Amino acid sequence: MTRTVVLNGGDLVDGRGGEPQRDVDIIVVGDTVREITPTRSAEAYVAVDEIVDCAGRLVLPGLVNNHTHGTAFGPLFPSGQVGLPREQVLANLDRHLLEGTTTVLCVDGFVTAADLAGTDEAHPVNVRLASCNTPACLAAATIVDGGGLTEANRRFTAGQAVDAGAVALGEIGAGHTLGGGGACYRYIPVEIERRSGVTITPRQASGLRDAVLGRHISASAFDRDGVDRALADAGLAGRLSAEEAREIVSAVVLPAFDVALRGLTEAADQAREAGVPVVVHNAAASMTQVAAIARTDVPLVAGHSNHSSFGLREALDHAERLKELGAVVDVSTLDTFGARRLTAGPELLYAMFSAGLVDTISTDYAGGHHDPVLLAIDRAVRAGVVTLPAAVAMATANAADAIPGLAPRRGRVVPGAIADLVVTDPAELRDVGTVMVGGRFAVRDGRCVAR
């Protein structure tokens, strides 16, 4: 039986970038937004199944997050790491849902169609797949880790993934294979502890990596004095010499690095042939290759273009060039406002908003500590660097448009759209109270009610 639900008396930011609509009713029939009308009294709706009081609340489209990890069953990350336990994947999806996200693109890269189908069946969030299973990307993953790759994962090529419904190739390159955040919160600390017995933080690992290889990753960038300072900062003075640190960091980062860089061009070529966008790891170490891809005719999403490896001016100039070349410039919340294990603060994110360079907003993973998109939007709007309607569009309609097939008929609250709807507090956007996915309630009163 088709249900009719009315979201009554709220303000609406519909995802298209225009000014908020005040005091409207959103009428949902089945899975579809049927009508948006000036608000009426609840008594006017005598034949509906449910009325949700939205007075004083803000209604948004369900967020479309185009860069997530740990959101599908199967290997984790483009390094082919052992996958998360099933319940952790579902908990990650619960977290996204409670943050107002109703569609995610999983860019772990080696997930099979069968694992994706199992994930979609188990959770109301719409999970879509990107693949990084090209020869070079597979080789880089195997060098760095590959511990979660079964024979089925290795055989499920990027071309087969697209034939089975993958909407993009990605994440091509990654912090794990290109010496970025993944290396700093996982592989470098593990090896340092094995050799020294000392546990270091991701930020300390990042400082050590930069001193050994530089932000752009080069063996010639070795800075002995900088390494000595990084060792002292990490509590490793007297435990490891500069040469030992050089050996450890180089052994973690360099073997896969050139292979992963080659994978960027290879994947762009395959994406062009398959007719899908390519989502790339955009950081200081990969920026030259990313710019070269942008100069071709493949649709390009430059992931987390506010990556902490960039200098501020470097990031702005690079993003400006990418936009001029027609690429989609994505920024990620990372752990900018919360844990700050990988990022130092929001300055680069705010600068990119202020410069008008941002097309889409995602979370990435940040070692499992990502901040909610709505928190980042709220803080950025309060800082005066972006307007609320523009920022909401970046997290909804823009993301849906950037990757065709990711969220058809989603990302906008208009008649005829799929009813993915979020009701939140305009004074504190991350306080999501209600979420509908396809016209069904998935969150009520800030709690998941569907799984």
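In which strand does Glu-171 lie? I found Glu-171 in strand β9, residues 168-172. A reminder to myself: this is a predicted model.

Entry 1: Most peptide bonds are trans, and most residues other than glycine have a negative phi. His-304 has a phi near 35°, positive in a residue other than glycine. His-304 sits in the loop between β11 and α11, and it is buried because its relative accessibility is 1%. Ala-366 also turned up, with a positive phi near 55°. I placed Ala-366 in the loop between β13 and α13, where it is buried with a relative accessible area of 4%.

**Entry 2: aromatic rings.** How many aromatic pairs does a search of the whole structure find? The search gave me three. I looked at Phe-77 and Tyr-365: the ring centres are 5.4 Å apart and the planes stand at 75°, so I wrote this pair down as edge-to-face. The pair links distant parts of the chain, 288 residues apart. Phe-77 is in the loop between β6 (63-68) and α1 (86-98), and Tyr-365 is in the loop between β13 (360-362) and α13 (373-382). I counted Phe-77 as buried, at 3% relative accessibility, and Tyr-365 as buried, at 13%. Ring pairs also bring in Tyr-185, making a cluster of Phe-77, Tyr-185 and Tyr-365.

I then checked for arginines over rings. Arg-246 lies over the face of Phe-222, 4.0 Å from the ring centre. Arg-444 lies over the face of Phe-441, at 3.7 Å from the ring centre.

**Entry 3: Ser-309.** Is Ser-309 buried or exposed? I have it as buried, because its relative accessibility of 7% is under the 20% cut-off. Ser-309 belongs to the loop between β11 (300-303) and α11 (312-324). Its side chain makes a polar contact with the side chain of His-307, at 2.8 Å. A polar atom of the Ser-309 side chain also lies 3.0 Å from the backbone nitrogen of Ala-284. Leaving aside neighbours within four places in sequence, I listed Arg-215, Ala-283, Ala-284 and Glu-314 as contacts of Ser-309.

Entry 4: I checked the length of α1: at 1.5 Å a residue its 13 residues should span 18 Å, and the end C-alpha atoms are 18 Å apart, which agrees. Its buried residues are Val-89, Leu-90, Asn-92, Leu-93, Asp-94, His-96 and Leu-97. After α1 comes Gly-100, with a positive phi near 95°.

His-123 is in the loop between α2 (113-122) and β8 (126-131), and at 3% relative accessibility it counts as buried. Its side chain reaches the backbone nitrogen of Val-125 at 3.1 Å. Apart from neighbours within four places in sequence, His-123 contacts Leu-90, Leu-93, Asp-94, Leu-97 and Arg-451.

**Entry 5: helix α10.** Which residues of α10 (287-294) are buried? I noted Met-287, Val-290, Ala-291, Ile-293 and Ala-294. Seen down the axis of α10, these fall within an arc of 160°, so they line one face of the helix. The buried residues of α10 pack against α9 (242-274), β10 (278-281), β11 and α11.

Key
Residues numbered from 1 in each chain as written. Predicted model: local features only at pLDDT ≥ 70, side-chain atom pairs only at ≥ 80, totals over all residues. Heavy atoms only, no water. Phe/Tyr/Trp six-rings, centres within 6.5 Å; stacked < 30°, edge-to-face > 60°. Helix = DSSP H or I, 4+ residues; strand = E, 2+ residues; numbered from the N terminus. Buried < 20%, exposed > 50% of the residue type's maximum accessible area, 1.4 Å probe, protein only. Lys NZ or Arg CZ within 6 Å of the ring centre and 35° of its normal. Polar contact = N/O pair within 3.5 Å; in protein donor to acceptor, adjacent residues only side chain to side chain. Contact = heavy atoms within 4.5 Å. Expected span 1.5 Å × (residues − 1). Arc of directions from axis to C-beta.
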